[in-house]
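Hi there,

Here is the structure I promised to pass on.

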Amino acid sequence: MGVANNITAILNFIAFLCSIPIIAAGIWLASKPENECIHLFRWPVVLLGFLILLVSLAGFVGAYWYKETLLAFYLCCMAILIGLLLILLVFAFVVTRADGGYDVPGRGYREYRLQGFSSWLRNHVVDSKNWDKIRPCLAETDVCSKLTQNYITADQFFMAHISPLQSGCCKPPTVCGYNYVNPTLWLNPVNPAADPDCYLWNNDQSQLCYNCNACKAGLLGNLRREWRKTNVILIVAVVVLIWVYVIACSAFKNAQTEDLFRRYKQGWV
């Protein structure tokens, strides 16, 4: 095996290693309770990671045994996958750029406005058709029930750093002026006309604020936060993959030159 093929094999092993954090990030995203209810966001990162893993293995085999057709297939497929990964990164950055969160005086958590998020997320994730499926799915998770286990007094809860989803779905908006009993039980609103969500709050543990715009906004807030974390991993991975790909292309050309030179020498022997 020539020097160029050795380099290509090593580079493919690096690409193989890059696929592991991509797959791990995708599995982490898919395991989140809210993503279990939004099938659109569950598996694209995992799928891309597995495809990169398989293509890298194909490239490694092609380089180790110098299967020129397999190497050409690897270079073509890897270019497509890197392009798809870049498209996913740019798309995720654009649709998660807007942040609908705002600080609430005297509270450790933030609350969220639906209009503060991108129109694509509002129209494709929490529109009426999708929300009819998402709402009962969220109600079956333990997102809200965990709050009653972790916080007892009002002071504890008001200073807690709860997730956007819990802030929007598990309690009424602060502006309504409800009196705290426990994290998911609130009574006697002082200012019920302050927000339409004030009238939608229900102490039934299967209802709570799952019909509220605040809950939709909280779901988008969670998605935004998790995709921002995932993007960091994807950016590092795509930079390494591009670097590996450029060198692999050069090594592939050198391997072809070495092979041509070897055949030329054999022809003179």
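**Cysteines and rings**

At 0% relative accessibility, C215 counts as buried, where buried means under 20% relative accessible area, exposed means over 50%, and partly exposed lies in between (1.4 Å probe, protein chains only). Before the rest, a word on the basis: this is a predicted model, in which local features need pLDDT of at least 70 and side-chain atom pairs count only at pLDDT 80 or more, while totals for chains, interfaces and linings use all residues. Residues are numbered from 1 along each chain as its sequence is written, and side-chain values use heavy atoms, with hydrogens and water left out.

**Disulfides**

C215 is joined by a disulfide to C169, with 1.9 Å from S to S; the term stands for a pair of cysteine sulfur atoms within 2.5 Å. The link of C169 and C215 is right-handed, with 90 degrees about the S-S bond. This pair connects distant parts of the chain, since C169 belongs to helix 9 (residues 164-169) and C215 to helix 11 (residues 213-268), 46 residues apart. Helices here are DSSP runs of H or I with at least four residues, strands are runs of E with at least two, and both are numbered from the N terminus. C169 is buried as well, with a relative accessible area of 1%.

How many disulfides does the structure hold? There are five. Another of them pairs C176 with C198, their sulfur atoms 1.9 Å apart. With -90 degrees about the S-S bond, the link of C176 and C198 is left-handed. C176 sits in the loop between helix 9 and strand 3, and C198 in helix 10 (residues 197-200), so distant parts of the chain, 22 residues apart, are linked. Both ends are buried: C176 has 0% relative accessibility, and C198 has 2%.

C37 and C137 form a disulfide too, with 2.1 Å between their sulfur atoms. The link of C37 and C137 is left-handed, at -80 degrees about the S-S bond. It spans 100 residues, from C37 in the loop between helix 2 (33-36) and helix 3 (44-64) to C137 in helix 6 (residues 128-139). C37 is buried at a relative accessible area of 8%, whereas C137 is partly exposed at 23%.

If you number the bonded cysteines of the protein chain in sequence order, the pairing reads 1-2, 3-5, 4-10, 6-7, 8-9.

C76 is partly exposed, with a relative accessible area of 47%, and C77 counts as buried at 18% relative accessibility.

**Aromatic rings**

A search of the whole structure finds 11 aromatic pairs. Rings of Phe, Tyr and Trp (its six-membered ring) pair if their centres lie within 6.5 Å; planes under 30 degrees apart count as stacked, over 60 as edge-to-face and the rest as tilted. One of the pairs is F13 with F16, whose ring centres are 6.2 Å apart and whose planes meet at 20 degrees, so the pair is stacked. F13 and F16 are three residues apart in helix 1 (residues 3-31), which means that about one helical turn separates them. F13 counts as partly exposed at 44% relative accessibility, and F16 counts as partly exposed at 22%.

F158 and Y180 make an edge-to-face pair, 5.8 Å centre to centre with 70 degrees between the planes. F158 lies in helix 8 (residues 154-158) and Y180 in strand 3 (residues 179-182), so this pair ties together parts that are 22 residues apart in sequence. Both F158 and Y180 are buried. They also belong to a cluster in which ring pairs link Y109, Y151, F157, F158, Y180 and W186.

Which charged group sits over the ring of F158? The charged end of R107 does, 3.8 Å from the ring centre; this counts when NZ of Lys or CZ of Arg is within 6 Å of the ring centre and within 35 degrees of the ring normal. Elsewhere, R113 lies over the face of Y102, at 3.9 Å from the ring centre.
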